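Biologist: Please take me through this structure feature by feature, giving me the general idea first and the particular case after it.

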Amino acid sequence: MTPRLAARGVLLVALAAVWALSAYLLWQTKVPSSLHLPHLDPRTYFTAAQLRATASFSRVNDLIFWGTTLAQIAALAVYARWGIRWARESAAGPIGTGMLLGMLGFALVWAVELPFGVLDLWWQKRHHLSSVGYVSYLFGGWFSLGGQFVFLCFALAIVMGFARKLGERWWIAAAPAFVGLVLLFAFISPYLTPTHRLHNAALRAVATRLEAEEHVGHVPIDVETVRDVTSLPNAEAMGIGPSRRVVLWDTLVDGRFSRPELTIVIAHELGHLARNHIWKAVGWYALFAFPGAFLIARATRRRGGMGQAEAVPLALLVFVVLGLLALPLENAISRHREAEADWMALRTTHDPAAATALFRRFVPATLDEPSPSTIDYLLLENHPTIMQRIAMAQAWRQSAKK
Ligand SMILES: [Zn+2]
């Protein structure tokens, strides 16, 4: 072995060790490792009709997921193979041409996904989960589409700019730049979400008590109006430092859910903030950004590297494929965080009955399968399944008795 190769080997081992140690630290949770989740039968919690409805709802959802994914990959594979042709005719310089190719790829993906998006909307409307009209679906999404478009161009400018300066090592500079952007976005996203303060004084008092019990400091509880778009109930913990807040969708506070159930929701969201889950999510992003950017740098070598516009169509394909491969891992990390937030809610409210009632109510409200198939679990579930969440409430009750 040459000294250079040996040094490379040592560096690689050191980097892998840093990665593993960081992952280990980010994985730590308050959920006791000895906690045993009992195996529960969905039929004791849900009627046969409810279970049939969720199974039939998820069958078409699966079809839409696979259709969208395969269409996207097929379109980008074709684009990676033949898209370069457009690059030769542009006079915009390498970065400008690269951005142009990025936009074309984006438009292509948007076009092949569109039929699946319409199918998805039809399926949601059929189940009264969405009230978006087809016309506003087609023409109303320009703002968010425009945002993604601008972000893609910006991302390409960063990658190509670094690649033209640093060559194949661009990823060492680009990955921290993207981590910084994700951190910035985590900070500003609460300000981009239009909300109003929670009017319900009783619920606000509950939140103040929970804040103290979870030692999370003051966090505003806001309400986002989504009723004219969806009937799905949801809540979110957002922001970092001074921008932290809990956002409840108005579909959650429309009277369908009892106060003890909403207490569980708020305790869960505050649990995310108490356990620094948004910081940890940024940490995980960093752990994926470095190897991801490195793999894109390697894969685009034979197109001259990311400094060349010709590499852009291939980079888009590699990026999407890597995202799909990382999805099971990302979901597992997200489920782990969500389980901890559920545990925090049980620990602060001491109310497993309300938690169970809340999770049961989610099934008719969202048509989520209480216990999905393994493949759905791996690829689509970023929360523990409803049955796992109910089982945790049971397990908490058992552990509290001891
Ligand atoms: Zn959560």
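Biologist: I would like to begin with strand pairing. Which residue in strand 2 is the bridge partner of His196?

Modeller: Helices (H or I, at least four residues) and strands (E, at least two) are DSSP runs numbered from the N terminus, and two strands pair if DSSP finds at least two bridges between them. In the case you ask about, the partner of His196 in strand 2 is Val223, and strand 1 and strand 2 pair in the antiparallel sense over two bridges. Please keep in mind that this is a predicted model, in which local features need pLDDT of at least 70 and side-chain atom pairs count only at pLDDT 80 or more, while totals for chains, interfaces and linings use all residues. Residues are numbered from 1 along each chain as its sequence is written.

Biologist: In what order do the four strands stand in the sheet?

Modeller: The sheet is open, with the order 1-2-4-3 and mixed pairing. Strand 1 (196–197) and strand 3 (235–238) are the edge strands, each pairing on one side only. Strand 2 and strand 4 are joined by four bridges in the parallel sense, and across them Ile221 faces Val246 of strand 4. Strand 3 and strand 4 (residues 245–249) run antiparallel with four bridges between them; Ala235 is partnered there by Leu248, and Glu236 is opposite Val247. These two strands make a hairpin with six residues between them, and Gly239, in the turn, has a positive phi of about 85°.

Biologist: Which helix lies across strand 2, strand 3 and strand 4?

Modeller: Helix 10 (residues 259–274) does, running at about 25° to strand 3. Axes are lines fitted to C-alpha atoms, for helices over the stretch in contact, and angles run from 0 to 180 degrees between N-to-C directions.

Biologist: At what angle do helix 10 and helix 12 pack?

Modeller: Their angle is about 120° and their axes are 7 Å apart, which makes helix 10 oblique to helix 12. The crossing is right-handed, and among the residues that make the contact are Ala267 and His272 of helix 10 and Ala341 and Ala345 of helix 12. As for the terms, angles under 35 degrees count as roughly parallel, over 145 as roughly antiparallel, 65 to 115 as roughly perpendicular and the rest as oblique; a crossing is right-handed if the near helix is turned clockwise from the far one by less than a right angle, and left-handed if anticlockwise. Two residues are in contact if their C-beta atoms, placed from the backbone, lie within 7 Å.

Biologist: How do the axes of helix 5 and helix 12 compare with that description, and at what angle do they cross?

Modeller: The axes of helix 5 (residues 93–126) and helix 12 (residues 312–349) come within 9 Å and cross at roughly 45°, and this makes helix 5 oblique to helix 12. Helix 5 passes helix 12 in a right-handed crossing, with Gly98, Leu101, Gly102 and Gly105 of helix 5 touching Val312, Pro313 and Leu316 of helix 12.

Biologist: Is His272 buried or exposed?

Modeller: His272, which belongs to helix 10, is buried, because 24 other C-beta atoms lie within 10 Å. Leaving out residues up to four places away in sequence, His272 touches Ala237, His277 and Ala341. His272 and Ala341 are 69 residues apart in sequence, yet their C-alpha atoms are 5.4 Å apart in space.

Biologist: Where does His350 lie?

Modeller: His350 lies in the loop between helix 12 and helix 13 (352–366), has a positive phi of about 50° although it is not a glycine, and counts as exposed because it has 11 C-beta neighbours inside 10 Å. Leu367 is in the loop between helix 13 and helix 14 (374–380); Leu367 also has a positive phi, of about 60°, without being a glycine, but counts as buried because it has 21 C-beta neighbours inside 10 Å.

Key. A residue is buried if 20 or more other C-beta atoms lie within 10 Å of its own, exposed if 12 or fewer, and partly exposed in between; C-beta atoms are placed from the backbone.
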